[in-house]
Amino acid sequence: MLISDWLLKKPAIMFYRYFSLLLILFLVVNCCSTRVLAERRPNVLFLAVDDMNDWIGCMGTSPHALTPNMDRLAARGVTFTNAHTAGVFCAPSRAAIFSGQYASTTGCYTSPNYFVGHPEIDALQMVFSKSGYNTLGAGKLFHHPEGAIDQRGWTEFFLRNAKQRSSGWPLDSWSSETPVPQPFPASIYNRGQKFKAGLFLEWGAIPNDREEAMADTIRVNWAAEQLRKKHDKPFFLACGLYAPHFPNYCPQKYFDLYDVKKLVLPPMLEDDLADIPEKIRKNRVNRKRLHHDRLVEMGAVDDAIHGYLACISYADAMLGRVLDALENSPYAENTIVIIWSDHGYHHGEKGQWGKHTLWERTSNVPFIWAGPGVARGSKTDATVSLIDMFPTLVEMCELSEPEQILEGKSLARTLANPIEARDRSVLLPYMKPGEYAVINRDWRYIHYDDEVEELYDLRIDPNEWNNLASESGYEEVKQRLRKTAPIVFAPPEQKLNARKDLVIEGDSFRWEKGKGNYKPTPKYRPYSANLELAPPARSNKPEK
């Protein structure tokens with residue numbers, strides 16, 4: 001090669017060398033910045049319990065269960081004492097949490113399946129996944145029957161056995177491989193009977209040495225194991241417990257924590273239903289007669305509450321296993337922890353046993369946050385909703401925005417400085433369009449229609465014993481609270497029937513009207529000998 005030719009080519013050679021160096025430098029910087037972002041963004045430990053009301057130690061309520069693990073989390077975080085569900089039972093509450101939208105928008109007043117009618121919704125786990133997180137799930141995060149889990153966006157979703165995965169992903173928390181008390185049924189309310197529906201008002205102890213075989217124990221052990229693994233990306237680890245949902249079965253040692261003769265019962269008013277609207281009173285009086293009055297007749301109210309408290313303590317112990325695993329992991333300092341219950345529960349207040357109401361006992365829930373960006377050892381009575389979790393996590397974890405409009409409010413500022421939290425009104429839709437409650441620190445307004453209302457002044461009537469809706473002088477209060485409710489309510493989502501509409505495809509499933517191939521199997525019921533079908537007077541709708 002002539003020297004002149006080499007000189008002509010040298011600039012091109014130098015350009016390619018510099019370009020290559022710049023490209024390598026860009027890739028290194030980009031890789032490093034991505035890794036720094038991943039390390040900076042917090043992990044999330046998302047812990048759910050089922051049917052747990054506010055009877056936990058750190059909330060200072062009476063009665064209250066022994067809950068040392070929730071209490072220790074509260075000691076290093078923020079406890080919301082005035083937190084409320086976004087749906088009056090499991091299905092609509094969980095649909096609202098994972099979609100970030102109320103039933104008044106999605107139509108999921110009684111349905112868990114927001115992802116069927118609204119596939120455009122980016123569910124919470126999907127937003128984490130799209131934002132670079134590993135998403136790990138187990139247990140009752142969604143509703144428990146077949147076809148209710150939103151399968152999208154999970155890196156891994158744990159199920160206890162292959163049968164669950166090939167039959168629509170039901171939870172089957174009480175199945176042939178899980179322990180139940182003997183004799184079965186165990187509670188005085190159900191003893192000697194066969195169940196017509198769910199295991200409602202059923203409680204009893206199982207042997208302590210069978211604890212590891214319980215479904216919730218298996219789920220939390222899996223969650224704890226995930227915290228012992230090495231993760232190269234931030235994670236969203238969600239684990240839901242079925243406890244303390246009926247049946248209240250748990251090891252004997254949790255029953256032994258309480259002396260049933262010394263239990264403090266919740267405050268009750270004998271004629272509490274006298275001042276509610278006639279349209280509602282008939283149903284509530286009937287439920288009172290079927291459940292509460294029978295328990296009183298049997299002398300079993302304290303026994304039923306004993307079973308519930310025992311199962312809260314069992315749930316707390318299981319949460320403690322996961323919290324211990326986190327504290328012993330390298331993720332302890334950079335993980336946001338959230339404990340929430342899907343809704344509360346009545347134990348005779350207003351004559352009710354269960355949820356499905358717009359009163360305080362259904363709506364108020366445990367709600368505890370701890371971790372980076374969260375104040376330590378604080379409580380606030382500012383009114384918040386479980387629907388606020390989605391926008392809070394989007395802000396605190398720097399997630400991409402979902403396709404849908406989130407209807408909650410970010411609590412990030414309140415978590416950082418709870419002392420300065422401002423109160424607000426929150427919405428609680430009921431089971432039909434146009435029915436709802438509006439709740440804040442001072443008032444609870446319940447609207448069934450313009451002629452059927454309830455209003456309680458919580459400042460002087462925290463038990464909601466005096467309905468003010470029909471009294472003069474409160475119209476301005478009602479009008480102000482009504483403004484929180486939407487003007488237009490979505491029509492209810494279409495009803496789906498698993499036999500007719502659930503399509504099983506190997507280890508997955510989908511819903512399609514009229515195309516179902518799902519074949520249900522009988523519920524596991526290990527009855528003791530010589531039982532009879534429960535008489536009609538004892539029947540009740542299955543608790544969901």
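A crossing of two helices is called left-handed if the near helix is turned anticlockwise from the far one by less than a right angle, and right-handed if it is turned clockwise. The model used in these exercises is predicted, so that local features need pLDDT of at least 70 and side-chain atom pairs count only at pLDDT 80 or more, while totals for chains, interfaces and linings use all residues. Residues are numbered from 1 along each chain as its sequence is written, and side-chain values use heavy atoms, with hydrogens and water left out.

**Exercise 1.** Describe how helix H8 (residues 215-227) and helix H11 (residues 301-327) cross.

Solution. Two packed helices are described by the angle between their axes and the distance between the axes. The axes of H8 and H11 come within 8 Å and cross at roughly 15°. Because angles under 35 degrees count as roughly parallel, H8 is roughly parallel to H11. The crossing in which H8 passes H11 is right-handed. On the H8 side the contact (heavy atoms within 4.5 Å) is made by residues including Val220, Ala224 and Leu227, and on the H11 side by residues including Met318, Val322 and Leu326.

**Exercise 2.** Classify the pair of rings formed by Trp55 and Tyr308, and say where the two residues lie.

Solution. A pair of aromatic rings is described by the distance of the centres and the angle of the planes. Rings of Phe, Tyr and Trp (its six-membered ring) pair if their centres lie within 6.5 Å, and planes under 30 degrees apart count as stacked, over 60 as edge-to-face and the rest as tilted. The centres of the Trp55 and Tyr308 rings are 5.8 Å apart and the planes stand at 85°, so the pair is edge-to-face. Trp55 lies in the loop between strand S1 (43-49) and helix H2 (68-75), whereas Tyr308 lies in helix H11, so the pair ties together parts that are 253 residues apart in sequence. Trp55 is buried (under 20% relative accessible area, with a 1.4 Å probe and protein chains only), its value being 2%, and Tyr308 also counts as buried, at 2%.

Methods
Axes are lines fitted to C-alpha atoms, for helices over the stretch in contact, and angles run from 0 to 180 degrees between N-to-C directions. Helices (H or I, at least four residues) and strands (E, at least two) are DSSP runs, numbered from the N terminus. Angles under 35 degrees count as roughly parallel, over 145 as roughly antiparallel, 65 to 115 as roughly perpendicular and the rest as oblique. Buried means under 20% relative accessible area, exposed over 50%, partly exposed in between (1.4 Å probe, protein chains only).
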